[in-house]
Amino acid sequence: EIERRLCRSCGLVRVESCPSKQAFRCLSLDLIQMNHPHFSSVNLVNLLGSSYGGKPTEEIDGLVCDRCSLEASLRRALLDSGASIFAARACHRFAALLEAHAAGARLPDMEGLEALRPVAAPPCVLKRRSHVRSFRIRVAPRIFTFHMRRLIFGPFGFIKVSNPVRYPEILNDLGLSAGYGLCSVMSHLGHATEGHFITHRVWQRGKPLVE
């Protein structure tokens, strides 16, 4: 899974594709985002594409933007560069980082920026911005599990979204090299605060009903 974040202020794009951070076994899908009328069916393939197909899915406020922080830190250092040699050195280093980034280099995060700042230079400026985040599946696990989030918070507590979900027996529309065959479905019968879970498992002819 690849996570992509776009800063709305400066347009900086951060792509997180580290396997240890982005590995997954289960994907959660929000039924409410499709804006379907009550009891109308929802297509799993369309829902999966809208959530994890690389399109912007959510806006997050308060994330640190490395470019906005670097530019603000440069402006802060420029104010003191006439009276402090350390601030002037910070200006030189920060400007070099922006030039390298314009040429394709990756910007350091705030921890790396603080490490490059001269000790007596003005402190770095932390800038939090609004970001748009999207996800795309790059390598899927051997066993794919989908979790349908059906609970929403209403005026009197949680409400269960009861729209039925249509899914194919073979799922091969993910843009991956291999498809997935349906093995089992776990359903919840009841309301938001009570009910029972029932599991239906695919039975292959020739195998015993109980293993």
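## Basis of the description

The model is predicted: local features need pLDDT of at least 70, side-chain atom pairs count only at pLDDT 80 or more, and totals for chains, interfaces and linings use all residues. Residues are numbered from 1 along each chain as its sequence is written, and side-chain values use heavy atoms, with hydrogens and water left out.

## Overall composition

The protein chain contains five helices and 14 strands. Helices (H or I, at least four residues) and strands (E, at least two) are DSSP runs, numbered from the N terminus. Of the 211 residues in the chain, 30% are buried. Buried means under 20% relative accessible area, exposed over 50%, and partly exposed in between, with a 1.4 Å probe and protein chains only.

Contact means heavy atoms within 4.5 Å. Among contacts between residues at least 6 apart in sequence, 64% join residues at least 24 apart.

## Helix α4

Helix α4 covers residues 85–102, 18 residues in total. From its first C-alpha to its last it reaches 26 Å, close to the 26 Å expected at 1.5 Å a residue; the expected span is 1.5 Å times one less than the number of residues. Ala87, Ala90, Cys91, Phe94, Leu97 and His101 are buried in α4. They cover an arc of only 130 degrees around the axis, which puts them on the same side of the helix; the arc is that of the directions from the helix axis to the C-beta atoms. An α-helix has 3.6 residues a turn, so residues three or four places apart point the same way. On the other side of α4, Ile85, His92 and Glu99 are exposed.

The cover over the buried residues of α4 includes α3 (66–80) and α5 (110–116). At the start of α4, a side-chain oxygen of Ser84 comes to within 3.3 Å of the backbone nitrogen of Phe86. After α4 comes Gly104, with a positive phi near 115 degrees.

## Helix α3 and the cysteines

Helix α3 has 15 residues, which should span 21 Å at 1.5 Å a residue; its end C-alpha atoms are 22 Å apart, in agreement with this. Its buried residues include Asp66, Arg67, Cys68 and Leu70.

A search of the whole structure finds zero disulfides, a disulfide being a pair of cysteine sulfur atoms within 2.5 Å. Cys68 is in no disulfide, and the nearest cysteine sulfur, that of Cys65, is 3.6 Å away. Cys68 counts as buried at 6% relative accessibility. In α4, Cys91 is buried with a relative accessible area of 9%.

## Strands

Along strand β3 (residues 26–30) the side chains alternate. Strand β3 pairs with strand β7 (residues 145–149) in the parallel sense over five bridges; two strands pair if DSSP finds at least two bridges between them. The bridge partner of Leu29 in β7 is Met148.

Strands β13 (residues 184–190) and β14 run antiparallel and are joined by seven bridges. A hairpin of four residues links β13 to β14, and Ser187 stands opposite Ile198 in β14. Of the seven residues of β14 (residues 195–201), the number buried is zero, so this strand lies largely in the open.

## Helix α2

Val45 lies in helix α2 (residues 44–52) and counts as partly exposed at 24% relative accessibility. The C-alpha atoms of Val45 and Asn172 are separated by 9.3 Å, although these residues are 127 residues apart along the chain.

How values were computed
A polar contact is a pair of N or O atoms within 3.5 Å; within protein, one must be able to donate a hydrogen and the other to accept it, and residues adjacent in sequence count only if both atoms are side-chain atoms.
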